[in-house]
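Student: I am new to this structure. Please pick a single part and take me through it closely, along with whatever it touches.

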Amino acid sequence: MLEVLDFTHDNIIATKVSGEVKGKDYEKVQPYVDDIAEKGQKIRWYFELQNKEGWNADAIVEDIKVDLKHANDYEKVAIVGAKDWEESLAKAFEPFTKAEVQYYELAEKEKAKEWINL
């Protein structure tokens, strides 16, 4: 499940992933991504992972569609979660964005929020 967090504002999208991500989860985020891009702003995404079970096939397709459509619209991505996700997420983001990507442990999530707001 992908949840939009309450500190989503302006050009910042804040989400938390727990359990399995499904294609319909991206419907929650797509309007924010489109709105920020339409305003000519760069997207800053705080992406927190907790108890991640993976993406189902529909979610992978939706993720790729969002990333391809807005490849140049991302400025920063803060990935918060277990260190073992870093390498796979870096490889997943790499072809789709030139954004600055930073990784933080769950215990450092306040630091990640500060960085995404700078």
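**A close look at one helix**

Tutor: Start with a pair of charged side chains: glutamate 110 and lysine 113 meet in a salt bridge, 3.3 Å from N to O. The term salt bridge means a side-chain nitrogen of Lys or Arg within 4 Å of a carboxyl oxygen of Asp or Glu. Side chains of opposite charge can pair when their charged atoms come close. Glutamate 110 and lysine 113 sit 3 residues apart in helix α4, so about one helical turn separates them.

A few ground rules come next. The model is predicted: local features need pLDDT of at least 70, side-chain atom pairs count only at pLDDT 80 or more, and totals for chains, interfaces and linings use all residues. Residues are numbered from 1 along each chain as its sequence is written, and side-chain values use heavy atoms, leaving out hydrogens and water. Helices (H or I, at least four residues) and strands (E, at least two) are DSSP runs, numbered from the N terminus.

The chain as a whole averages 78, and 69% of the residues score at least 70.

The cut-offs are simple: buried is under 20% relative accessible area, exposed is over 50%, and partly exposed is in between (1.4 Å probe, protein chains only).

Lysine 109 forms a salt bridge with glutamate 48, at 3.6 Å from N to O. This pair links distant parts of the chain: lysine 109 belongs to α4, glutamate 48 to strand β3, 61 residues apart. Lysine 109 counts as partly exposed, because its relative accessibility is 28%. Glutamate 48 is buried, because its value is 3%. Strand β3 spans residues 43-55. Beyond its neighbours within four places in sequence, glutamate 48 is in contact with Thr15, Lys16, Val17, Val80, Leu106 and Lys109.

Among the contacts of tryptophan 45 beyond four places in sequence are Ile116, Ile13, Val33 and Tyr74. Tryptophan 45 is also one of the residues with the most contacts inside the largest nonpolar core, which has 16 residues. Such a core is a set of buried Ala, Val, Leu, Ile, Met, Phe, Trp, Tyr and Cys residues joined through side-chain atoms within 4.5 Å. β2 (12-21), α1 (26-38), β3 and β4 each give two or more residues to this core.

The whole structure holds 4 salt bridges. One of them joins arginine 44 and glutamate 75, with the closest N and O atoms 2.9 Å apart. Arginine 44 lies in β3 and glutamate 75 in strand β4 (residues 74-80), 31 residues apart. Arginine 44 is buried at 11%, while glutamate 75 is partly exposed at 31%.

Technical notes: Contact means heavy atoms within 4.5 Å. pLDDT is the predictor's confidence in each residue, from 0 to 100.
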